[in-house]
Every structure is written in structure tokens, then in C-alpha cells.
Amino acid sequence: MIIRKNETKSFKRSDKCISIEYPLEDKDIDGTVIKLNGRYPNKGRTVNTKCKEIAHIIKGEGKIVVNNKETKLNKGDLVLINPMEEYYWDGNMEMFVSCTPAWSPKQHKILE
């Protein structure tokens, strides 16, 4: 068992997106809280070449656009993003995101 209590690392992904990571040091899964106030990425789309990502909207509302299909999101919604799906987030939301295998910058791409 691994428990992380307030052991976090914060990263500013853009001027509108902050990631608060809880390092599990497990190659198979991870967890982070994303605070979004606007669009991420600022333009274009993002893609994860390896991970499945699951996001639970903790508070707020917004949308996700995956492969050009827009879906409105509200508190309590759950989103599963498969590897290689091109997407962006937009809104004022806080969400918990987990990736399997664990997220790495090498597999995360911004597409213009």
C-alpha cells in the first residue's frame, strides 16, 4: 500500500492549467488534481501516445473536445480518454485525473 498525505508537486502546465501531482512512484498508475481556468492547451490539441486517462470532475463545469466531438461536463462527470485521442479541455473545473500506465512527459504531445 502507498499513501500520500499532502505530499504533492505542483506544475504550471499553462497560464490556465495547474497540475498537483501525488507521486506514487508506480509505473502502472498515477494520480493528479488538475485546476483549469480556461482552455488547455491554449491552442491546438493534446494527445497521450501511451496512457489511458480517466478524469472525474470534482467541481465546476466546462467541456472536452475529443476528435472534434464536443461534450459538456459538470461536477460528478467521468471521462475516459484512450491513447492517441486528440483533445482539449475548456472551462472552469477542478478534476482528479489518473493515467495507466503512469503519465510521463515523453508520451504527452501538444498538436498545433
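Which backbone oxygen does the side chain of T46 reach? The oxygen belongs to K109, and the distance is 2.9 Å.

## Ground rules

This is a predicted model, so local features need pLDDT of at least 70, side-chain atom pairs count only at pLDDT 80 or more, and totals for chains, interfaces and linings use all residues. Residues are numbered from 1 along each chain as its sequence is written, and side-chain values use heavy atoms, with hydrogens and water left out.

## Around T46

T46 sits in strand β4, residues 45-48. (Strands are DSSP runs of E with at least two residues, and helices are runs of H or I with at least four; both are numbered from the N terminus.) T46 is buried, at 0% relative accessible area. For the labels here, buried means under 20% relative accessible area, exposed means over 50%, and partly exposed is in between, using a 1.4 Å probe and protein chains only.

Besides reaching the K109 backbone oxygen, the T46 side chain makes a polar contact of 3.2 Å with the side chain of H108. A polar contact here is a pair of N or O atoms within 3.5 Å; within protein, one must be able to donate a hydrogen and the other to accept it, and residues adjacent in sequence count only if both atoms are side-chain atoms. Leaving aside residues up to four places away in sequence, T46 touches P41, E85, E86, Y87, H108, K109 and I110, where contact means heavy atoms within 4.5 Å.

How many disulfides does a search of the whole structure find? The count is 0, with a disulfide taken as a pair of cysteine sulfur atoms within 2.5 Å. For C51, the closest cysteine sulfur is the one in C99, and at 4.7 Å that's too far for a bond. Looking from C99, the closest cysteine sulfur is in C51. Both cysteines are on the inside by the accessibility rule: C51 is buried at 1%, and C99 is buried at 4%.

## Salt bridges

Side chains of opposite charge can pair when their charged atoms come close. Here the rule is a side-chain nitrogen of Lys or Arg within 4 Å of a carboxyl oxygen of Asp or Glu, and it gives 7 salt bridges. One of them joins E94 and K59, at 3.7 Å from N to O. E94 lies in strand β8 (residues 87-100) and K59 in strand β5 (residues 52-66), so this pair ties together parts that are 35 residues apart in sequence. E94 is buried at 17% relative accessibility, while K59 is partly exposed at 47%.

Another pair is K16 with D15, whose closest N and O atoms are 3.8 Å apart. K16 is partly exposed at 34%, and D15 is exposed at 54%. Then there's D28 with K27, at 3.4 Å between the closest N and O atoms; D28 is partly exposed at 42%, and K27 is exposed at 65%.

## The largest pocket

The largest pocket has a volume of about 510 Å³. Its lining takes in 29 residues, with R13, S19, E21, T32 and W103 nearest the centre. On a 1 Å grid over the protein atoms alone, a pocket is an open set of points where a 1.4 Å probe fits, with protein on both sides within 12 Å along at least five of seven lines, and lining residues have an atom within 4 Å of a point. Points are joined across faces, edges and corners, and the volume is the space filled by probe spheres set on them.

Strands β1 (9-14), β2 (17-21), β3 (32-40) and β8 each supply at least two lining residues. β8 gives the most, with 5.
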